[in-house]
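Colleague: I would like to learn how to read a protein model. Please take me through some features.

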Amino acid sequence: KYFSASILVTLVWHFRGKTKSKLNMAAILTQPLRTGVKSLARIVTIPRRYLTAKEVKSLADSAVKACDHSYSPYSKFRVGAALLTDDGQTITGTNVENASYGLTICAERTALVKAVSEGHKKFKGIAICCLDLQEGVSSPCGACRQFMAEFGQFPVYLVGKNEGEVKITSVDDLLPDAFRPEHL
């Protein structure tokens with residue numbers, strides 16, 4: 001079953017040349033309403049979809065298995081990712097390092113590139129796991145956060161080394177105010 005929530009954002013408007021802000025459980029759309037105020041953004045609630053416990057477990061297990069395929073001879077930091085497509089397919093990826101460090105690709109981007117190359121562009125969620133941490137979970141790097149934001153808002157499940165250790169977040173929580181295709 002899916003649950004919904006809202007994202008807390010700041011609603012900003014201009015009134016008589018002064019900028020004011022107000023906290024509201026809403027998201028701002030880019031088309032303003034014209035109502036005597038110079039610019040007042042329309043607001044709507046953004047629902048968040050979460051995966052079922054069964055889907056999360058399956059995705060987390062796939063991310064853990066993907067760690068086994070990591071090519072990380074330099075950092076010894078194995079990361080696996082499992083991406084659930086809108087049509088229910090699981091696509092995995094792992095980090096692949098390179099002697100020229102800048103050419104290294106992270107597990108999250110590997111999974112996304114693999115999914116897009118197979119025709120998928122909409123996703124229900126992603127699980128990310130690093131088995132080489134002593135405790136806690138590993139969060140995606142900035143490049144991966146931006147890369148995920150390209151494909152929309154979906155849940156991100158950060159899987160820990162210990163059984164059942166999962167931190168739930170989202171693309172928007174990881175990278176608020178992301179630069180997205182609609183900004184072009």
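Colleague: Is Tyr-74 buried, partly exposed or exposed?

Modeller: Buried means under 20% relative accessible area, exposed over 50%, and partly exposed in between (1.4 Å probe, protein chains only). Tyr-74 has a relative accessible area of 40%, so Tyr-74 is partly exposed. Tyr-101 has 60%, so Tyr-101 is exposed. Ala-82 is at 0%, so Ala-82 counts as buried.

Colleague: What should I know about the model and its numbering?

Modeller: This is a predicted model: local features need pLDDT of at least 70, side-chain atom pairs count only at pLDDT 80 or more, and totals for chains, interfaces and linings use all residues. Residues are numbered from 1 along each chain as its sequence is written, and side-chain values use heavy atoms, with hydrogens and water left out. The predictor's confidence in each residue is the pLDDT, from 0 to 100. The chain's mean pLDDT is 79. Over residues 1-47, the pLDDT is below 50.

Colleague: How is a pair of aromatic rings described?

Modeller: By the distance of the centres and the angle of the planes. Rings of Phe, Tyr and Trp (its six-membered ring) pair if their centres lie within 6.5 Å; planes under 30 degrees apart count as stacked, over 60 as edge-to-face and the rest as tilted. The structure holds four aromatic pairs. The ring centres of Tyr-74 and Tyr-101 are 5.9 Å apart and their planes are at 80°, so this pair is edge-to-face.

Colleague: Which pair is tilted?

Modeller: Phe-147 and Phe-151 form a tilted pair, with 6.3 Å centre to centre and 50° between the planes. Ring pairs also link Phe-123, Phe-147, Phe-151 and Phe-154 into a cluster.

Terms used:
Contact = heavy atoms within 4.5 Å.
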